[in-house]
Amino acid sequence: MLNTVHLQTFLAVVETGSFSAAAKRLHMSQPAVSQQIRALEEQVGGVRLFRRSGQQMVLTLAGEQLLGSARELVAMAERAVQAVSALRGQIGGRVTIGCQIGGAEVFLPALLAIVQRQYPAVTVEVEVQSADRSLEYLTERRCDVVLVNDAPRRRGFESRLLAGERLALAAAAGHPLLQQDQVPSGILRDYPLALPQIGHPLRRVIDDGLCRRGVNAADLRVALEADSPLLLRSAVEAGLALAFLPVSVLPARLERIGIVTLAGQPLAYEWYLVRLRERSPDRVVDLLYETLLGDEARATLLRLGLAT
């Protein structure tokens, strides 16, 4: 294989007419130029490429045969360098995020839009599933990062708080509770509710929050159990039940549903971004993690009603 550095030196000698002039152009010593030309001559079969004519170095027949190819090869090498340089700072690759069912699948695309703007060559795959399955995938390296409600206590995980999210008690438009300024928690025993399934982190937040208000989960009238907040919202819109919905799930315009003003502090829960403490060798994973925790992501979450 021909060395492009040697070819560049060869062309410099052709264009300047001497080893000394070529050395000056290339910021090299004259012996270094002579050495590179000898190395190139050995690569092409040990033939002479230049002969002296007075004060000038002129091409031999072999040198003239090489000249066209040398120019093409050097030009190709320069184009390759330019193409790679144009990608400088542009990180590419594929990242998999494990996303717990429960609302993050609603606001996550807004965060991924930031990733796309900053790193357009990155492809993100999202696995929406339970928190336990997401963490299992993370351990098996089938996911690179996961988004869950509870920070795992297991060793080997690194957790960062992404956002806190308030829960709003939603009712269908026209519901009588929407007419009251302050609704006591105990009144929820009298109305059907649509809740996440037992064991879901969001269900634990609701049950624990109501318990602190003196309302036992066993006394509630549960009309529907589903882990999808969008399904719970649809149940509210259909007039089936009341539901505690993450604020990110609420429609932009409250036309078919309204928010009941429940007495006391609103219920809330948290989202954590989790990765393995043992870093992935792929730089794109670190960049994604940092972007999701960055200033632009925080501003986006605030606009969506999440606390950061």
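This is a predicted model: local features need pLDDT of at least 70, side-chain atom pairs count only at pLDDT 80 or more; totals for chains, interfaces and linings use all residues.

Visitor: How many disulfides does the model contain?

Guide: A disulfide is a covalent bond between the sulfur atoms of two cysteines. In this model the count comes to zero. Take Cys99 as a case: the closest cysteine sulfur belongs to Cys143 and lies 10.0 Å away, which is too far for a bond, because the rule asks for sulfur atoms within 2.5 Å.

Visitor: What does the radius of gyration say about the protein as a whole?

Guide: Begin with the secondary structure, which comes to 10 helices and 11 strands. The radius of gyration is 33 Å, well over the 19 Å that the globule rule gives for 308 residues, so the protein is more spread out than a compact globule. Along the principal axes, the C-alpha atoms fill a box of roughly 110 × 40 × 25 Å. Of the 308 residues, 43% count as buried, and the protein exposes about 16,300 Å², of which carbon and sulfur atoms supply 49%. Among contacts with a separation of 6 or more, 74% are between residues 24 or more positions apart.

Visitor: Which residues form a nonpolar patch on the surface?

Guide: One such patch is formed by Leu2, Val44, Val47, Leu73 and Met76, which together have about 360 Å² of accessible area. Val47 belongs to the loop between helix 3 (30-43) and strand 1 (50-53), and its relative accessible area of 36% makes it partly exposed.

Visitor: For comparison, where is the place of Thr291, and which residues does Thr291 touch?

Guide: Thr291 is found in helix 9, which covers residues 283-292, and with a relative accessible area of 9% this threonine is buried, because that value falls under 20%. Leaving aside residues up to four places away in sequence, Thr291 touches Ile114, Val115, Gln118, Tyr119 and Ala297.

Methods:
Residues are numbered from 1 along each chain as its sequence is written. Side-chain values use heavy atoms; hydrogens and water are left out. Patches are made of residues with over 30% relative accessible area and no salt bridge: like charges are joined within 9 Å, nonpolar side chains (Val, Leu, Ile, Met, Phe, Trp, Tyr) within 5 Å. Accessible areas come from the Shrake-Rupley method with a 1.4 Å probe; for residues, only the protein chains shown count as cover. A salt bridge is a side-chain nitrogen of Lys or Arg within 4 Å of a carboxyl oxygen of Asp or Glu. Helices (H or I, at least four residues) and strands (E, at least two) are DSSP runs, numbered from the N terminus. Buried means under 20% relative accessible area, exposed over 50%, partly exposed in between (1.4 Å probe, protein chains only). Contact means heavy atoms within 4.5 Å. The radius of gyration is taken over C-alpha atoms; the globule rule is 2.2 Å times the number of residues to the power 0.38.
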